[in-house]
Amino acid sequence: MRILKKLLFLACLLFACVARAAIDPAVLAPLAGDDPDARVDAIGKIGALANDEATRFLTALQQGDVYATPEGKLYIVADDQAIDAATGVAGAMPEGLDGVMINNRLRGAIDDAMSALKMFSPDRAQRLAAVTELQKSATLAQAPLIEKALGKETDAEIRGMLRLVAATANLHAPQAAQRRAAVEVLVDSSNANLRPTLQTMQAEDPDQSVRIAATKTLQALDSRLARTEFIGNLFYGISLGSVLLLAALGLAITFGLMGIINMAHGELLMIGAYTTYLCQLAFRRWMPDALDWYLAAALPAAFIVTALVGVALERTVIRWLYGRPLETLLATWGISLILMQTVRTIFGAQNVEVANPAWMSGGVTVLGSLVLAYNRIAIIIFAALVVVGVWLILNKTRLGLFVRAVMQNRRMAGCVGVSTARIDMMTFGLGSGIAGLGGVALSQLGNVGPDLGQSYIVDSFMVVVLGGVGQLAGTVIAALGLGEANKFLEPVAGAVLAKIAILVFIIIFIQKRPQGLFAMKGRSAE
């Protein structure tokens, strides 16, 4: 009985050793040598094992914990123990150990193998991220590992991506039939990184059938990329137009309806953005668990703060300058300088960061490679809601009725009992408050600084003038039109020439049609 127990113990020990011997010593041997190609190939073979031993060895190699004996046997050295890389058995430290040298090429191969091993993670998000990363740089050495992952994958979306990644890896296969099959699979791909490889195969591949297949795939890829680029430009044009609309909407009221050339409008945008920054600081300090909802407080706060600033400006300066546009321009320009210097004194000259809430971070991927940012989508929706709100205020409320009455015939409105001075104050405050809302949106697209408003004041005036002074519909169409024109011209002419071309177009358009896209109904004199 005692002999039987000993035999069972030895059998279990032997089984454990065999189970741990997951890496063939012949696969490990090149890593102790000097042949760079053989060493990179060995990394690929080890990664293709896709087991715990391979992960453990590659991690140790990445961290510089793998050593070789003069005979070429590899050990993982940790905590004064030498673990045989092939068997996993720990033992005494052998004589003459020397560290395995890792150059940049080998380090890159290790990183690729470690990233690829994430394809076997139980976490779907990790597998999806690993496959997405491999789409950019899958190599022939990784093909066995990718095929193994494809065989185990059960998620339909990831399986489809893995098929394309496997085809990408096989583009450099030695067999022409394998290369042709890979090229034919990639006809459904939207990966722009494949274009150089496909162009090379189209011109230089020794097999004619591969060249023909590469031509067809390249045409399909170019068509798909062109369609994706068009839709991307369309989306980002609408996004830019929404930003311009939010920046110009307040000006459409103060300049369009009241005739005030407000050069401090950009600084009202800036005040709205800094109000958002202060709300973020307040939530971070006193309500960190609700930080993602600071925008819910920033929107009304920015509107109220900038509306009060606008009311103060109208009551102290603007009210004395109606009907005197040149003096209004100079006065508001001076006010803009004062506001910028005040902000610099309080917050400093450096930009401050306003972070996107978690629900506005990231984006949604469409058409394979086009990413639509969540913050851009949110701004488009927000701009639409603000436009609807302004339209309702101007057309469906008593205040809106008075505003339209005063701006169209001030004397008659005064004769029927409308307080024109009070309506002027409230109208300017409304336009300023809307500028504050625009500042909240701008804070979600970049850093906030004292010069933030200077980047949008000229564009805002262009939008209002092009759309037609005092016309809400014209402002919307002009903002979206300028946004689209910018995004479609920039890839062709560059950002600077695109701006110049748009400015020249507006000048010519205003020469031919001074009233803009939509003519405003006549405004009476004082």
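This is a predicted model: local features need pLDDT of at least 70, side-chain atom pairs count only at pLDDT 80 or more; totals for chains, interfaces and linings use all residues.

Me: Which residue does F230 form an aromatic pair with?

Reply: That would be F488. Their ring centres are 5.5 Å apart with 50° between the planes, a tilted pair. F230 sits in helix 11 (residues 208–257) and F488 in helix 20 (residues 472–493), so the pair ties together parts that are 258 residues apart in sequence. F488 is partly exposed as well, at 30%.

Me: And W293 with W359, what are the distance and angle there?

Reply: The ring centres are 6.3 Å apart and the planes are at 25°, so this pair is stacked. W293 is in the loop between helix 12 and helix 13, while W359 is in the loop between helix 14 and strand 6. W293 is exposed at 56%, whereas W359 is partly exposed at 44%.

Me: How many aromatic pairs does the whole structure have?

Reply: The search finds 5. Ring pairs also link Y274, Y277 and F347 into a cluster.

Me: Changing topic: what is the radius of gyration of the protein?

Reply: It is 33 Å, while a compact globule of 526 residues would be near 24 Å. The C-alpha trace spans about 115 × 60 × 40 Å along its principal axes.

Me: Last one: how many helices and strands are there?

Reply: The protein has 21 helices and 7 strands, and 42% of its residues are buried.

Terms used. Residues are numbered from 1 along each chain as its sequence is written. Side-chain values use heavy atoms; hydrogens and water are left out. Helices (H or I, at least four residues) and strands (E, at least two) are DSSP runs, numbered from the N terminus. The radius of gyration is taken over C-alpha atoms; the globule rule is 2.2 Å times the number of residues to the power 0.38. Buried means under 20% relative accessible area, exposed over 50%, partly exposed in between (1.4 Å probe, protein chains only). Rings of Phe, Tyr and Trp (its six-membered ring) pair if their centres lie within 6.5 Å; planes under 30 degrees apart count as stacked, over 60 as edge-to-face and the rest as tilted.
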